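Subject: Structure handover

Hello,

Here is the structure for your files. My notes come after it.

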Amino acid sequence: MHEVYITILVQTIKEQYTNEVTFYQNVLNTDKVSWEKWKSGNGTLTPEQNQKIKNLFSDYEWMLMQKVLRQTIIFPEKRTQAVSEYRRLKTQIAQKWLQKKLADVEVVTHNEEKENNQLLDLRVFITYDEWGFDDILSFRLPARIQQQLQQEKVGLLAWVNENLEETYNQ
């Protein structure tokens with residue numbers, strides 16, 4: 001289970017920070033040796049560092065990851081597919097929320113100057129009007145998607161229904 005958790009975590013870090021070094025140096029304020037020891041199960045992080053790792057995920061994404069991890073315990077043969085399964089489930093859940101009109105969607109753009117890479121965050125969320133109890137699924141996508149939406153006058157919801165799974169899981 002630890003290996004699957006680390007694999008999903010590293011994929012999420014690369015998605016949000018481009019590489020692990022940026023994350024462990026700038027967010028966790030730790031060095032490569034400590035980071036690698038922790039990843040291999042031979043080291044520990046402070047409670048604050050562990051919370052920063054958990055903050056990479058929304059509460060809903062964290063719960064979804066725990067379910068995927070549990071499935072890899074019950075069905076060890078699924079371990080090799082855990083990351084792709086986690087990502088696939090995220091997209092399917094977001095699409096179902098939107099199809100049933102339970103959720104809203106928003107786009108947040110980012111300019112990552114260091115990497116000369118334009119990215120956007122697509123967030124699908126359900127609001128319960130209770131402080132801190134929203135369910136959120138986030139997807140980091142290439143900014144060209146936003147240009148596609150504007151040029152083709154494609155509605156965001158239509159784009160999500162038709163393209164989210166393929167674009168996010170490539």
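Predicted model: local features only at pLDDT ≥ 70, side-chain atom pairs only at ≥ 80, totals over all residues.

The mean pLDDT of the protein is 86, and 86% of the residues reach at least 70. Where pLDDT is low, the coordinates should not be read in detail.

Overall content

The protein has eight helices and three strands. Their order from the N terminus is α-α-α-α-α-α-β-β-β-α-α. The chain has 170 residues, and 38% of them count as buried. The accessible surface is about 10500 Å², with 47% of it belonging to carbon and sulfur atoms. Of the contacts with a separation of 6 or more, 53% are between residues 24 or more positions apart.

Helices α1 and α3

Helix α1 covers residues 2-17 and helix α3 residues 32-40; their axes are 9 Å apart, at an angle of about 135°. The two helices are therefore oblique to each other. On the α1 side the contact is made by H2, Y5, I6, L9, V10 and I13, and on the α3 side by W35, W38, K39 and S40. Sorted by class, this contact has seven nonpolar residues, two polar ones and one charged one.

L28

L28 sits in the loop between α2 (20-27) and α3. Its relative accessible area is 3%, so L28 is buried, the cut-off being under 20%. Leaving out residues up to four places away in sequence, L28 touches F23, W35, L45, Q49, K52 and I53. W35 also belongs to the α3 side of the contact with α1. The C-alpha atoms of L28 and E48 are separated by 8.4 Å, with the two residues 20 apart along the chain.

Regards

Notes: Residues numbered from 1 in each chain as written. Heavy atoms only, no water. Axes fitted to C-alpha atoms, helices over the stretch in contact; angles between N-to-C directions. Helix = DSSP H or I, 4+ residues; strand = E, 2+ residues; numbered from the N terminus. Parallel < 35°, antiparallel > 145°, perpendicular 65-115°, else oblique. Contact = heavy atoms within 4.5 Å. Nonpolar A, V, L, I, M, F, W, Y, C, P; charged D, E, K, R; others polar. Buried < 20%, exposed > 50% of the residue type's maximum accessible area, 1.4 Å probe, protein only. pLDDT = per-residue confidence, 0-100. Areas by Shrake-Rupley, 256 points an atom, 1.4 Å probe, with all protein chains shown as cover.
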